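This short report looks at charged side chains and how they pair. The sequence and structure come first.

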Amino acid sequence: QVQLGESGGGLVQPGGSLRLSCAASGSIFSIYAMGWYRQAPGKQRELVAAFTTGGSTNYADSVKGRFTISRDNAKNTVYLQMNSLKPEDTAVYYCNALILGTDWRTADYWGQGTQVTVSS
């Protein structure tokens with residue numbers, strides 16, 4: 001079993017910052033890709049930022065220059081530093097990972113989501 005545990009969401013004023021964390025735990029052999037998605041009310045879930053299977057990073061155009069994804073491979077953890085937050089960044093943020101388990105099965109995992117609200 002593999003679990004993704006997220007933390008760091010909350011309420012912040014426009015222009016503020018938040019840092020999200022996501023730690024993968026359980027029967028992990030290798031993490032192929034890991035990143036963050038978000039879903040605002042009435043909208044589809046969208047990619048925010050992620051490390052791809054090739055090791056590069058992808059960012060949504062709307063967050064480029066404001067958000068930074070980083071990782072600690074030793075801790076199986078990925079971070080999302082969010083600066084210059086805007087009200088339109090308000091959403092539930094989900095961690096996602098493509099993981100090879102110790103049972104040699106590859107599966108796509110999702111965290112439970114953490115709410116980010118940007119409001120004055």
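Aspartate 61 is exposed, at 64% relative accessible area.

The model is predicted, so local features need pLDDT of at least 70 and side-chain atom pairs count only at pLDDT 80 or more, while totals for chains, interfaces and linings use all residues. Residues are numbered from 1 along each chain as its sequence is written, and side-chain values use heavy atoms, with hydrogens and water left out.

Side chains of opposite charge can pair when their charged atoms come close. A salt bridge here is a side-chain nitrogen of Lys or Arg within 4 Å of a carboxyl oxygen of Asp or Glu. The whole structure holds four salt bridges. The table lists some of them.

| Salt bridge | Closest N and O atoms |
|---|---|
| Arginine 38 and glutamate 46 | 2.7 Å |
| Aspartate 89 and arginine 38 | 3.0 Å |
| Lysine 64 and aspartate 61 | 3.1 Å |

Arginine 38 pairs with aspartate 89. This pair links distant parts of the chain, 51 residues apart. Arginine 38 sits in strand E4 (residues 28-39), and aspartate 89 in the loop between strand E8 (77-82) and strand E9 (91-101). Strands (E, at least two residues) are DSSP runs, numbered from the N terminus.

Aspartate 89 is buried, at 1% relative accessibility. Arginine 38 is buried too, at 6%. Glutamate 46 is partly exposed, at 36%. A network of salt bridges links Arg38, Glu46, Arg66 and Asp89.

Terms used
Buried means under 20% relative accessible area, exposed over 50%, partly exposed in between (1.4 Å probe, protein chains only). Helices (H or I, at least four residues) and strands (E, at least two) are DSSP runs, numbered from the N terminus.
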